[in-house]
Amino acid sequence: MNAPSSPPVSTQATLERWLTGPRVGALPMRGAGQTPPALSFEFFPPKTDVLETQLWACIRRLEPLAPRFVSVTYGAGGSTQSRTHSTVARIVTETTLTPAAHLTCVGATRAEVDAVARQYWEAGVRHIVALRGDVPGGGAYAPHPEGYAYAADLVAGLKRVADFEISVAAYPETHPTAASPLADLDNLKRKLDAGATRAITNFFFDNASFLRFLDLALAAGITAPIVPGIMPVSNFTQLQKFAAMSGVTVPPWLGELFDGIADDMETRRMVAAVAAAEQVRMLQANGIDEFHFYTLNRPDLTYAIAHILGVRPKK
Ligand SMILES: Cc1cc2nc3c(=O)[nH]c(=O)nc-3n(C[C@H](O)[C@H](O)[C@H](O)COP(=O)(O)OP(=O)(O)OC[C@H]3O[C@@H](n4cnc5c(N)ncnc54)[C@H](O)[C@@H]3O)c2cc1C
């Protein structure tokens, strides 16, 4: 008998792939000891009655998923101050949800910001997402002469008003105007040292950049949870606009995924759900077990992804 010849290279490559084993687990099996991740959902305050109805339908649909908290954004320069407040107050009184109110310090005095914070505390709100905010209409940022200069100062100020739970923003791809990635990380650390206990990231599509950011944060001595912000979007044009506004990279594969389906909404929605579910599952495979969803006041994609992750409505 002839000695067996060595297998062709392609067979070896196949074998190696098999032997490495699955790098991502199967879809979550309920009852198999897998705990679904903790979720939080972000909404924006409505401008019209129609949008108000849409927001509340969204809140009601997502409420049974029992998120850790839901947050409501604050318009540029406080432009939605009263709508943010009334939405958050209604969440306190009419739902089982725990709200977090976003609050910015751009263009306001410390006294004005403190007064808004006090109103929240009196309305039963105990969680603030503390942000610097941007200049309405664009333009270079300059602190208000009597205001909190940056988010770290705001966090310290809020802690003086009351013992709020405070979350702050983080940027896996670095804040667009930061002096450097390291300076931005120092800033994140300052916000946490000032009393924040959680960072929520800007949305991103490149998981590798988020995981690298976690490594750098850990190396900088940051141990507070850094919760990835996930934006499931079925409209690629809108997605590109959001990304350009906040310095977020849109990887070429994402464009390819949506290529040729601009006029096919149903397929776009399915593709969006798969892309976002894939993103969170890859993060889960890397040990992430908490996610913040930018819902854009539309519940369906977030609900479907939560379901895929094993989250079920609480009876
Ligand atoms: C999860 C999340 C939620 C958001 N919600 C809202 C919202 O509801 N409403 C809204 O208007 N915007 C919101 N934003 C956007 C945010 O307001 C902008 O990204 C803003 O440009 C920065 O806010 P910040 O709190 O990160 O600022 P900061 O943490 O103050 O940082 C802003 C920039 O200043 C730099 N910096 C900090 N301190 C100093 C210093 N002492 N000297 C020099 N540079 C410094 C930082 O490195 C960074 O580049 C949100 C962003 C995220 C990620």
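What follows goes from the overall build to the barrel and then to the ligand.

A quick note before we start: this is a predicted model, where local features need pLDDT of at least 70, side-chain atom pairs count only at pLDDT 80 or more, and totals for chains, interfaces and linings use all residues. Residues are numbered from 1 along each chain as its sequence is written.

The protein has 11 helices and eight strands; these are DSSP runs (helices H or I, at least four residues; strands E, at least two), numbered from the N terminus. Its radius of gyration is 22 Å, close to the 20 Å that the globule rule gives for 315 residues, so the protein is as compact as a globular protein of that length. That radius is taken over C-alpha atoms, and the rule is 2.2 Å times the number of residues to the power 0.38. Along the principal axes, the C-alpha atoms fill a box of roughly 90 × 40 × 40 Å. Of the 315 residues, 37% are buried, meaning that 20 or more other C-beta atoms, placed from the backbone, lie within 10 Å of a residue's own.

Now for the barrel. Eight strands close into it in the order β1-β2-β3-β4-β5-β6-β7-β8, with parallel pairing; two strands pair if DSSP finds at least two bridges between them. From one strand to the next, the twist averages 30 degrees, with angles running from 0 to 180 degrees between N-to-C directions of axes fitted to C-alpha atoms.

Here are two of the pairings:

| Strands | Bridges | Residues opposite each other |
|---|---|---|
| β1 (residues 38-43) and β2 | four, parallel | Phe 43 and Val 72 |
| β7 (residues 226-230) and β8 (residues 290-294) | two, parallel | Ile 230 and Phe 293 |

Which way do the residues of β2 point? Phe 69 and Ser 71 point one way, Val 70 and Val 72 the other, and all are buried. Helix α3 (residues 81-94) lies across β2 (69-72) and β3, running at about 165 degrees to β3.

Finally, the ligand. It is surrounded by 23 residues, and the closest are Thr 73, His 102, Arg 132, Ala 151 and Ala 169; a residue is near if its C-beta atom, placed from the backbone, lies within 6 Å. Which element gives the most to this shell? That's α6, with four residues. At least two residues each come from β3 (99-104), β4 (127-131), α6 (181-193) and β6 (198-203). By class, the shell has 10 nonpolar, nine polar and four charged residues; Asp, Glu, Lys and Arg count as charged, Ala, Val, Leu, Ile, Met, Phe, Trp, Tyr, Cys and Pro as nonpolar, and the others, Gly among them, as polar.

Notes: A residue is buried if 20 or more other C-beta atoms lie within 10 Å of its own, exposed if 12 or fewer, and partly exposed in between; C-beta atoms are placed from the backbone. Two residues are in contact if their C-beta atoms, placed from the backbone, lie within 7 Å.
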